[in-house]
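Hi,

Here is the structure I said I would pass on. Have a look at it first, and my notes on what turned up follow below.

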Amino acid sequence: QLAKTNTFPQYSITVVRLPQPPTITLQSPKDYIFDPRENIVIHCEAKGKPHPSFSWTRNGTHFDVEKDSKVLMKPGSGTLVIDISGEKAEAYEGTYQCTAHNEHGTAVSNSIFIRQSRSPLWSKERNEAIVVQMGVSLVLQCRPPAGLPPPVIFWMDNNFQRLPLDKRVSQALNGDLYFSNVLPEDTRNDYICYARFPHTQTIQQKQPISVTVLDNSPDGERRPGFMTPLGITSTKMVLRGETLELECIADGLPTPEISWQKDGGELPSSRMSFYNFKKTLKVSDVNEADAGDYRCTATNKLGTAQHIIKVSVKAAPFWVSAPRNLILAPNETGILTCRVNGEPKPKISWFVNGVPIENAPEDHSRKVDGDTVILSYVQTGSSAVYQCNASNEFGYLLANAFVNVLAEAPRVLTPPNRVYQVIANNPALLHCASFGSPIPTITWFKDSQTSVKNGDPYVIHENGTLEIHVAQPLHSGKYTCIASNNLGIKENHVYLEVKEPTRILKQPEYKDVHRGMSAVFECKVKHDPSLIPTVIWLKDNGELPDDERFDVDVDSLTIRDVTDEDEGTYTCIQNTTLDQDSASAMLTVVEPTPTPAIVYGNPDPPTDLELTDQTERSVQLTWTPGDEHNSPTQKFLIQYEDLLHQPGVWVNLTDAPGTSTTVQLKLSPYVYYSFRVLALNGVGYSQPSQPSSQYRTNPSAPDENPSDVQGVGTKPGNLVISWTPLTGFLANGPGLEYKVQWRQKDVDEDWSSETVANVSQFVVSGTPTYVPYEIKVQALNDYGSGPEPEVVIGYSGEDLPLSAPDSVQVMVHNSTLAEVHWEPVSFQSVRGKLQGYKVLFDKWLFLQHQEQVLTFSGNRSEGRLPGLQPYSLYNLTIRVLNIKGEGPPSPSKTFETPEGVPGPPSFLNVVNPGLDSLTLEWGPPMNNNGRLTGYTLKYQPVNNTNELGPVKVINFLANETTITLGNLNSSMLYKFYMSAKTIKGSGPIITEEAFTPLISFFSLVCLVPPVGPAFGKVNTSTLEDGAVISWDYFGHHKNVYVEYVVENSKEDWKRELVNGSHWHMIKGLKPGTSYKVRVVARDPADPTVHTVPSRQVDIATQGWFIGLMCAIALLILVLLIVCFIKRNKGGKYPVKEKEDAHQDPEIQPMKEDDGTFGEYSDTEDHKPLKGSRTPSNGTVRRDESDDSLVDYGEGGDGQFNEDGSFIGQYSGKKEKDTHEGNESSEAPSPVNAMNSFV
């Protein structure tokens, strides 16, 4: 359509990026009434290329938006937003017009008349009380103030209840309240007229009117008369397209009935409606035919009255044909038409770029003829926007239409290579939407050769679309559309696929089914192979019930256990992406009849086997089915016996549906056939039928050659050709042999051949090492040869590579990574299929030879060696690999890795804690990774709020492994960080924490032996095949052991004696295996065994703690003595009450641990230092006292297991005293903490 009309379609704006004059896309209505409480928003949006700029006029003069701070123009738009808050809104009333301009023209908007909505108050007036006799007519005038827009009128009373209206009492269009006759119940003093102003949502009310109806001299019955309109006739003018409202209100007694008719015509019933008890007639969307005389008739039993309203229809200008945008090529001619109608006839004015056309620059190619502008032989650069203004006394129309003069080569807008699919015998539409200036000419070709002309079956539409009225499969193919004009040619290819229609071959059939039985509806479909149908089943044109009894298969619907609710019409719909077919059938459910018990059994064997239609390769087998024994036959199985090759062996050949009694069998040559048939039903197979008569097929040449032909050398100098031989059934005749042929590839020589029999391989000797051969194996028998065999490529045997890589170079990147380069060997020296290069590198470590191997696949010349040990000497060789094996090694290449940072110290222990000193011991790293230059120790105190103090640093020589730190604070927690270092820097740290003990002067008075051995922190670190265990131990036992066992194993614990040390190395562990480890202390004279399963310290075993407990006990004893003395002296001191009111909280026992270690890991670096410390059971209590000793994990209870070992959870869990409520945050008393062990 674009190419035909040369108009600028909407979608092409986004597809074709071309220069374009402005087009107004959004503007406010011509009459804009604004609410003074809100901003004024005047819309003006336009598009064009380039994007247009905007300007405004107000009341015919330029409106400078930038000079008014209250006016904002939206970016990229012409829309104005006027902030009238705090301003006089009247100042912005007026007529506004928007202009959109770019270098190709100027478009203008409608004149937008801006007015403020108004809701004035009612003028003050005094309403006289009305007194009337019963039966007379009455009018209560409203006369609301003139608002903008006009208000909505309604009458209510003082209680804001609407006054009831009926055919006697009604409200006129002007708001007055009419009484055709008054009654005594009309007496009231609160007739109030309300006016609601829609924009401001305000309501004004008139002063109440009082009406009194007297019945002392009632008015008698009278004929109807019109209260409004007055007289015999009146006139009414209405504009075309608006709603005509005619009103007749009559008085009379009894109340008259109103009817309407149009003289000389019918009332427009489709657009007509009555309101106000037929007193108001409304006709919507008025046109010229609605003009005429409308007669309203008022009727009561005393007579009638009539009034004629003469209606005239005028019209503001309306479009007959608005001007349309034009795209013209240079030297083309175009026409702009502005056809309007109206009553009276509108006046048409033309503008160019917003300027009256008579004032515009002269253009000889332009001619104005009333409502038409003719543009002849336009030239580039004459693009413009034309405005047509049509006006009469009732309004105006303004339309913009641009003329865009372009010279553009053709463009095809339809996407390339689009595939159109259509069902046969349906129309096919191939689109070729194009653009160009001048308008392109469209031509079509099929399969890039045949020119497509207008005429059966093709139709080329004016918009370039090619239509095939009745598409057939022969119309499928590639179509090319070519768009051309004098500036160029553009082609586009599309494809048409004509598909077979979808047809239901086997339709569902009507069913009468007994209740409780099954119903099966078949729906077999034939469809185009490339379209996959989907089946939908409907019941009574709705979805199937959501019931598992309904089973939808590919070509059937099964309803099991049928009920009465299942009765209805079932429809099968077969859908594809292009078409569908449907068929229906009805299901009727009937009452089941009693039947005797059914006995099911295997079917009887078929009988009367007969062979007919005998040919060399096929025969037809027919049989008679046996008794089914109440179970339908599902299928028949046909078997054969080959009396020549496999006598006595019956082989499955094919099967046939249970409804068939004949089957066509495909046969092979040189077989002595005998057939038999078995029947299958729901119970099982029948016995085989009696064999058929023998049928012999004649021999023939083989139909196929051996499969899986290969050529592989097993050793140097040979080529083994192998294949899968044909079975006797496939031999097709006697004398089966194989013709083996071979020749060296890419060598000009004849085929060598050998004929063999009863074998599946042939060995060719004396071949060169690893060269390609072309191989063929053909079957032949006494009746000829098989088909020409395919050529297979094989290779003769490989030998070990002859040479080693040269020019081996090693580049060391860092202490753990090196890169090796070498010169690849020649292809001839590989003597086989190159598998890659094998790099062997080894080093000596602790008198142990460690060798590593990396293999680089393919033809490589370099590789990376990761995971090297720092500060090590390596020897490296490279070998070539083929399938046969390895070649000789390259000359040995030696390289060294530089030093690196060392590993962490193997352990860090705190021993011999003093009041103001701690002794540290540590072990050297397991991996020095260089020359060890020393150690760095950092330590810092941790206060009661777990905040870290200043860090102190001490450096040590490489041969130092212990230090005693003095001048420490007593009863202070210290954290230590130890790392080893080489010239490359410091390695990872190992951490430890320790307390300096409290000053315990009472320990001299009260010495209590510890309950069990005092084990301190336990650290672990892993090696390649072992682990290092270190611990703190403050017990008296002479013998300490480290015991370990594989996790989840039932084996006995393995034990190693420590001999008084505080660390031990376990060797010979299996990598990747989890172990449980425990440290055990025992004495030969003490049968009790003590173990430590945790790194935490038992507070009850510490000397300073025992001393503190003794001191508290002594203070309590002194206090009791003082109380006793005071009581003897007559003083009263309620110790019992005091103690009852301040009981110590209970110490709750913690959950037992299993006393074992899992993975070897050191979690000391993750100990919390800020906030509350976390007990071993994971609970955190921040609302308790920070200076509680239990917070540091040194208190708690424990238990002895069956063998006497001490396995406890070293943690103090504090509970609030139930007597003290939430205010108690006191730590458990040391006395109770000690008593918990008793």
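Let me start with one of the disulfides (cysteine sulfur atoms within 2.5 Å of each other): Cys338 and Cys388 form one, with their sulfur atoms 1.6 Å apart. The torsion about that S-S bond is about -65 degrees, so the link is left-handed. For burial, I use under 20% relative accessible area for buried, over 50% for exposed and partly exposed in between, with a 1.4 Å probe and protein chains only.

Before I go on, some housekeeping. This is a predicted model, in which local features need pLDDT of at least 70 and side-chain atom pairs count only at pLDDT 80 or more, while totals for chains, interfaces and linings use all residues. Residues are numbered from 1 along each chain as its sequence is written, and side-chain values use heavy atoms, leaving out hydrogens and water.

Back to the cysteines. A search of the whole structure finds six disulfides, and here are two others from that search. Cys248 is joined to Cys296 at an S to S distance of 1.9 Å, and this link is left-handed, with -75 degrees about the S-S bond. Cys248 is in the loop between strand 22 (244-247) and strand 23 (249-253), and Cys296, 48 residues away, is in strand 27 (residues 292-300). Both Cys248 and Cys296 are buried. Then there is Cys432 with Cys481, at 2.0 Å S to S; with 65 degrees about the bond, that one is right-handed. Here Cys432 lies in the loop between strand 40 (428-430) and strand 41 (434-437) and Cys481 in strand 46 (residues 477-485), 49 residues apart. Cys432 and Cys481 are buried as well.

On the chain as a whole: there are 1238 residues, 44% of them buried, and the secondary structure comes to six helices and 96 strands. Taking contacts (heavy atoms within 4.5 Å) between residues at least 6 apart in sequence, 66% join residues at least 24 apart. The chain exposes about 64500 Å², with carbon and sulfur atoms supplying 50% of that; areas are Shrake-Rupley with a 1.4 Å probe, and for residues only the protein chains shown count as cover.

Which residues have the most contacts inside the largest nonpolar core? They are Ile40, Ile42, Trp56, Ile82 and Tyr96, in a core of 25 residues. A nonpolar core means buried Ala, Val, Leu, Ile, Met, Phe, Trp, Tyr and Cys residues joined through side-chain atoms within 4.5 Å. Several strands each supply at least two residues, including strand 3 (40-42), strand 5 (53-58) and strand 8 (80-82), but strand 9 gives the most, with three. Leaving aside residues up to four places away in sequence, Ile42 touches, among others, Tyr32, Trp56, Leu80, Ile82, Tyr96 and Ile114.

- Leu148 and Pro149 are joined by a cis peptide bond, with omega about -5 degrees; Pro149 lies in the loop between strand 13 (138-140) and strand 14 (152-156).
- The peptide bond from Glu343 to Pro344 is also cis, omega being near 0 degrees, and Pro344 is in the loop between strand 31 and strand 32 (347-352).
- Asn353 is not a glycine but has a positive phi of about 55 degrees; the residue is in the loop between strand 32 and strand 33 (355-356) and is partly exposed at 27% relative accessibility.
- Asp540 has a positive phi as well, near 50 degrees, in the loop between strand 52 (534-539) and strand 53, and is partly exposed at 44%.

Over to you!

Methods. Helix = DSSP H or I, 4+ residues; strand = E, 2+ residues; numbered from the N terminus.
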